[in-house]
Amino acid sequence: MNSVKRVALIAAIASMCVAGVASSAGANDGAQTRAAYPSECQYENMGSWGGRALCKKSNGGSFRAVVHCESVTTGRVQGFFGPWTKTGTSTAYCHGDGKALFTGVDLSARDNT
């Protein structure tokens, strides 16, 4: 085999190896572990001033409390959110003359902290 054919063959093999490495790296990108939603969550009103939420397992995601409050003077209902967290509790507070009607939990598979 002459040197020109040998160089061409080596170049072809090298490009196939590089293409194989690049395609296998791309294939592994989709196989990476993705975060899941928090689980084992509880939430409750904390008197008339707000509410709190707690999730025992974050699973890589995050959560926050949401409380719906009604204004005593206008009757308007608004939602207010606590801070995003992965551990512990998140507490949401009514603003102004609002009284807590009900509390829930907002879940995200992303880490929003």
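Buried means under 20% relative accessible area, exposed over 50%, and partly exposed in between, with a 1.4 Å probe and protein chains only. Keep that scale at hand for the tour.

This is a predicted model, where local features need pLDDT of at least 70, side-chain atom pairs count only at pLDDT 80 or more, and totals for chains, interfaces and linings use all residues. Residues are numbered from 1 along each chain as its sequence is written, and side-chain values use heavy atoms, with hydrogens and water left out.

**Whole chain**

Start with everything selected. The protein has 113 residues, and 23% of them are buried. Its accessible surface is about 7400 Å², with 57% belonging to carbon and sulfur atoms; the area comes from the Shrake-Rupley method with a 1.4 Å probe.

Now consider contacts, meaning heavy atoms within 4.5 Å. Of those with a separation of 6 or more, 61% join residues 24 or more positions apart.

**The sheet**

Select residues 62-71, which are strand 3. You now have an open sheet of 3 strands, order 4-3-6, with antiparallel pairing. From one strand to the next, the twist averages 25°; axes are lines fitted to C-alpha atoms, and angles run from 0 to 180 degrees between N-to-C directions.

Pairing requires at least two bridges found by DSSP. Strands 3 and 4 have 5 bridges. Pick H68 to see one of them: its bridge partner in strand 4 is G79.

**The disulfides**

Show cysteine sulfurs. A pair within 2.5 Å counts as a disulfide, and the protein has 2. Their pattern is 1-2, 3-4, counting bonded cysteines along the chain.

Select C41 and C55. Their S to S distance is 2.0 Å. The S-S torsion is about 110°, so this disulfide is right-handed. C41 lies in strand 1 (residues 39-45) and C55 in strand 2 (residues 50-57), 14 residues apart. C41 is partly exposed at 26% relative accessibility, whereas C55 is buried at 4%.

Move to C69 and C94, with sulfur atoms 2.0 Å apart. Here the torsion is about -80°, so the disulfide is left-handed. C69 sits in strand 3, and C94 in the loop between strand 5 (89-93) and strand 6, 25 residues apart. Are C69 and C94 buried or exposed? Both are buried.

Terms used: Helices (H or I, at least four residues) and strands (E, at least two) are DSSP runs, numbered from the N terminus.
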